[in-house]
Structures are given as C-alpha cells and as structure tokens.
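Trainee: Please walk me slowly through one part of this model.

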Amino acid sequence: MIKKAEFVVSNTDPTKCPKPDRAEIAFIGRSNVGKSSLINMLTGVKELAKTSQKPGKTQLVNHFMINDRWYLVDLPGYGFAKVSKDRKVKWEKMISTYLTSRSNLCGVFVLIDSRLEPQTIDLEFVNWCGEQNVPFVLAFTKADKQSKSQTDKNVKAFLNKMEEIFGEYPDYFVTSAEKQGGKDEVLKFLDELVAE
Ligand code: GTP
Ligand code: MG
C-alpha cells in the first residue's frame, strides 16, 4: 500500500541522486508511454509526477519518497524523434549510468504502449536491460484506449517476441492510468519488492 508519496529531488547527474540507503524502484519506457501518469495513479497523488500530451516532458531523474521508507523514480523516456543527437547521447549516458550503477535499485518497470505492435526500440531496450542484468518487469500502459482483445493481442505479441529472442519473458502487468487498471497487482508486487 502507498499511504504517503512526496517529491524529493530532481537530478541530471545520476551520481548525485539521494544516498542509496533504501529500496528503490524506477519507471522507464518510451517518451509519452505513460510513466509519470502511472506513478500518479499508483500513488494516488494526481500531479506528483508532471505529465504532458507532448513527449519529452520528464527530462531528469526524479526521486519520490514512498511511505517514508523507499524511493520510486520517474525517468525521462527514450525514442522521442524530435530530440537532438546531443540530448540523445546525454540521455543514454544518464540512463545507462543510473541503471547500471544505482546500488539500491531493486526493480525497474519497463513500460510498453499496449496499443502498439512490438516496437524495435522497446525490444532493443529490454535486450540491453537483460545484458546488463537490470532486474526488470513489464507494464503495458493505456489499456483503456482499445478493446481488451486488442490489448491482449499486442501484449501477447510482445511477450512472444521476447520469448523468441531471449527464450523467456519477465513478469508483466497490464495497466491503465486513466481507469486505475492493474493498480492492485502492481502495488502488491511493489510491496513484495521493497519488503524488508
Ligand atoms: P515523458 O515524460 O515525456 O517521457 O512521458 P511519460 O511516459 O511520462 O508520459 P505521461 O505520463 O506524461 O503521459 C503521456 C500522455 O499519455 C498524457 O497525455 C497522459 O494523459 C496520457 N496517458 C498516460 N497514461 C494513460 C492511460 O493509461 N490511459 C490514457 N487514456 N491516457 C494515458
Ligand atoms: Mg514523464
């Protein structure tokens, strides 16, 4: 359960994040996939993480303190076409440093847009996470945007692709920030991850 959620700090430099003295879980995925919206839905605090219809809203590593005990982290998205080469390189460095060196990171949610067929950029990203031993699960977002059968089809296609490439697929959740879909399941999983 999340009873309290507070913004702590934003950083460009992942080595300047808060002291890694407590459990931490991060949210990542393509720009506009719904990372910040999912965080707001899970915490029940409407504008805790800033959201926007325009991709590229979140540009920093944002730490939130949950229940005075663990950190939830909102990260900037990848794959935003309008980004300059320079910003893309900076993003890659910031995110790869964060994901591979954050010692207290116990889980990463990679968000996938449930409206789309498997996207190369997402498959490449989960591949990289696997190679780097980043402990990740999947959250398919925006499930309210189409029929359940269409969502199921896209989810299954993505999992099949993962199985083809990696021989397995991780735990996954189907969510809707709009309709609170998947909330109980994700919160239960988070509770278990951060349990002392
Ligand atoms: P960046 O910070 O730019 O990387 O994006 P983000 O992944 O944080 O996405 P954000 O949460 O800002 O959401 C992007 C847009 O999608 C916003 O207009 C949200 O209202 C919308 N959105 C996010 N999740 C859902 C959802 O589950 N259902 C619907 N219908 N819209 C959603
Ligand atoms: Mg965001």
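Trainee: Which residues in the largest nonpolar core touch the most other members?

Mentor: Happy to! In this predicted model, local features need pLDDT of at least 70 and side-chain atom pairs 80 or more, while totals for chains, interfaces and linings use all residues. Residues are numbered from 1 along each chain as written, with chains lettered from A and ligands numbered from 1 in written order.

The core has 44 residues, and Phe27, Leu38, Val73, Val108, Val110 and Leu111 touch the most other members. Such a core joins buried Ala, Val, Leu, Ile, Met, Phe, Trp, Tyr and Cys through C-beta atoms within 7 Å. Buried means 20 or more other C-beta atoms within 10 Å of a residue's own, placed from the backbone (exposed: 12 or fewer; partly exposed: in between).

Now look at the neighbours; strands pair if DSSP finds at least two bridges between them. Strand 2 (residues 24-29) runs parallel to strand 4 over four bridges, with Ala26 opposite Val73. Strand 3 (residues 61-66) pairs with strand 4 in the antiparallel sense over five bridges, and here His63 has Val73 as its bridge partner. Strand 3 and strand 4 form a hairpin with three residues between them, where Asn67 takes a positive phi near 50 degrees.

Technical notes: Helix = DSSP H or I, 4+ residues; strand = E, 2+ residues; numbered from the N terminus.
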